[in-house]
Every structure is written in C-alpha cells, then in structure tokens.
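Here's a quick briefing for anyone opening this one for the first time. Have a look at the sequence and the 3D view, then read on.

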Amino acid sequence: MKNAALFLAVLVLALPASAAAETWENVTVVDTMCSAKVKAAPDEHTTKCALACAQSGFGILTADGSFLKLDAAGNQKVVDALKSTKKTDHLRATITGERQGGNLKVQSLNLQ
C-alpha cells in the first residue's frame, strides 16, 4: 500500500513539469516592434526587417491572434535562424516552450 501511495505522489509531482511545455507549429515569427503593424498580413514581414528590428526582441502570433514574446534564449535562436535562412519573408517556425503569461520560454525553435 505504501508503494502505491509513493508511486501516486511521484506521478502527481511529475505531471506539472511535463504538462508545462507546449508546441506551436507553423506560427509566424515577428519582431516586437513590428508585431502590431504586420498583424493583418504577417507573412509579408521580411527577414531584412526582422533582423533590422531584432533589438526589440521577437515573438509569435498565435492562431487566436495573440502575441507571445520570446525569452532571451528564444530571441537569439530566431536571430541565428534568420541569419542562416534564404527565406525573404513568410517567417514561420515550430516552437516548443513554456508559456509564462504573455511570454514564452523557448526550449526549441525550428524556422521553416
């Protein structure tokens, strides 16, 4: 009986850690400075503009139209991906991370 109770306690404690990470697939990546301006047509936002505005940080436009700002590690991943891509616009990615209010702590980012 003690083993079953211990197992359940460990399981309950482990659930919040595994449930915290989410994945957003095929979401638009845009710099914070341009996020409101390009909301109507985010796929037209250019790589050149995103890199020029990189100091403002980056975020994603979710399916419900909200903007989630990326953490410092996520911002650096976006900059690295933008510098190595041949894409000129239509900046979309698959991102895994933990939502913290209106921010996103990025674990992985793959620019598509």
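Contact here means heavy atoms within 4.5 Å. This is a predicted model, where local features need pLDDT of at least 70 and side-chain atom pairs count only at pLDDT 80 or more, while totals for chains, interfaces and linings use all residues. Residues are numbered from 1 along each chain as its sequence is written, and side-chain values use heavy atoms, leaving out hydrogens and water.

- Strands are DSSP runs of E, at least two residues long, and helices are runs of H or I with at least four, numbered from the N terminus; two strands pair if DSSP finds at least two bridges between them.
- β4 (residues 92-100) and β5 (residues 103-111) run antiparallel, joined by 8 bridges.
- Opposite Ala93 you'll find Leu111 in β5.

**Around Ser66**
- Look for Ser66 in the loop between β2 and β3.
- Ser66 counts as partly exposed because its relative accessibility is 26%, and that label covers the range between buried (under 20% relative accessible area) and exposed (over 50%), with a 1.4 Å probe and protein chains only.
- Leaving aside residues up to four places away in sequence, Ser66 touches Ile60 and Leu61.
- Lys39 sits 27 residues from Ser66 along the chain, with their C-alpha atoms separated by 9.5 Å.
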